[in-house]
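The sequence and the model are shown first.

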Amino acid sequence: MRFLKCALLAAWTAGVCRVMAGDTAAPVPTGPSVIHNGDFKMVEKVDDADFPKNWVAAQGTVEYLASGGPGGRPAFKLTGEALVRQPGACSLAEGELYRLSLLAKTVKLPRNGGAVIVHNEGWKQTSRLAAFPSDTDWKKFSVDFKAVPTARGRYGIAIQTRGADDCELYVADIRLEPLSAAAADGARALRQ
């Protein structure tokens, strides 16, 4: 009888642990990325040089590396004070959960010296990835967030660095994925 009680207690405990693990497990994306050309593969000529379509180098030194990312993937390299962005990139469902993820590599990047931001039309930040280590090889970073309100339903993506002239942030394969059916229904890429 004692063995049966122990077996029942063990089975109940295992069931509770599975339920608890299910409650705390990270949500799984329910749809494709809503950033058009987040892999930087589609390029166009800008001032006689190739640059990813829909992306704008807005400040400082931003280089497009056609095969400079992990596994030969395309990547951006930002040096010193720099900004590259995709304005009006997508629409999101206000209050719904999304995941911003990317691959990044850093060289001499100061604390809080780099950020990848999802923002609304008033540049109110809805999500920010900024906890990059000073020096790291290619690594995946991600953050889950709820979309903040915006006036016309548009959100942009910005990659920014601040710091000494020799600090570098490399970024590849940016994704913005819905984490629920409602998030997927309200999200779409606005650029083609």
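The sections below treat the nonpolar core, the aromatic pairs, one hairpin and the salt bridges of this predicted model.

## The nonpolar core

The largest nonpolar core comprises 38 residues, and those with the most contacts inside it are W55, L92, I159 and L176. At least two residues of this core come from each of the strands β3 (56–65), β4 (75–91), β5 (97–107), β6 (114–120), β8 (136–146), β9 (155–161) and β10 (168–178). Strand β4 provides the largest share, six residues. In soluble globular proteins, nonpolar side chains tend to be buried together.

When residues up to four places away in sequence are not counted, L92 touches V34, Y98, V118, F145, A147, G153, Y155, L176, G186 and A187. One of these partners, L176, is itself listed with L92 among the residues with the most contacts inside the core.

## Aromatic pairs

The model contains seven aromatic pairs. One of them joins F40 and W55 in an edge-to-face arrangement, with 5.4 Å from centre to centre and 80° between the planes. This pair links distant parts of the chain: F40 belongs to the loop between α1 (2–24) and β1 (43–46), and W55 to the loop between β2 (49–52) and β3, 15 residues apart. F40 counts as buried because its relative accessibility is 0%, and W55 counts as buried at 4%. Ring pairs also connect F40, F51, W55 and F76 into a cluster.

A further pair is formed by F132 and F141. Their ring centres are 4.9 Å apart and their planes stand at 75°, so this pair is edge-to-face. F132 is buried at a relative accessible area of 7%, and F141 counts as buried at 10%. Elsewhere, K105 lies over the face of Y170, at 5.0 Å from the ring centre.

## The hairpin of β1 and β2

Strands β1 and β2 run antiparallel and are joined by four bridges. Within this pairing, V46 stands opposite A49 in β2. Two residues lie between the strands of the hairpin, and D47 takes a positive phi near 50°.

A salt bridge connects the side chains of K45 and D50, with an N to O distance of 3.2 Å. K45 is exposed, with a relative accessible area of 63%, whereas D50 is partly exposed at 39%.

Side chains of opposite charge can pair when their charged atoms come close. In this model the count of salt bridges is eight. One of them joins the side chains of K77 and E168 at 3.6 Å, N to O. K77 lies in strand β4 and E168 in strand β10, so the pair ties together parts that are 91 residues apart in sequence. Both K77 and E168 are buried.

The side chains of E121 and R152 also meet in a salt bridge, at 3.5 Å from N to O. Here, too, distant parts of the chain are linked: E121 is in the loop between β6 and β7 (125–129), and R152 is in the loop between β8 and β9, 31 residues apart. E121 is partly exposed, with a relative accessible area of 29%, while R152 counts as exposed at 66% relative accessibility.

Conventions: Residues are numbered from 1 along each chain as its sequence is written. This is a predicted model: local features need pLDDT of at least 70, side-chain atom pairs count only at pLDDT 80 or more; totals for chains, interfaces and linings use all residues. Side-chain values use heavy atoms; hydrogens and water are left out. A nonpolar core is a set of buried Ala, Val, Leu, Ile, Met, Phe, Trp, Tyr and Cys residues joined through side-chain atoms within 4.5 Å. Buried means under 20% relative accessible area, exposed over 50%, partly exposed in between (1.4 Å probe, protein chains only). Contact means heavy atoms within 4.5 Å. Rings of Phe, Tyr and Trp (its six-membered ring) pair if their centres lie within 6.5 Å; planes under 30 degrees apart count as stacked, over 60 as edge-to-face and the rest as tilted. A charge sits over a ring if NZ of Lys or CZ of Arg is within 6 Å of the ring centre and within 35 degrees of the ring normal. Two strands pair if DSSP finds at least two bridges between them. A salt bridge is a side-chain nitrogen of Lys or Arg within 4 Å of a carboxyl oxygen of Asp or Glu.
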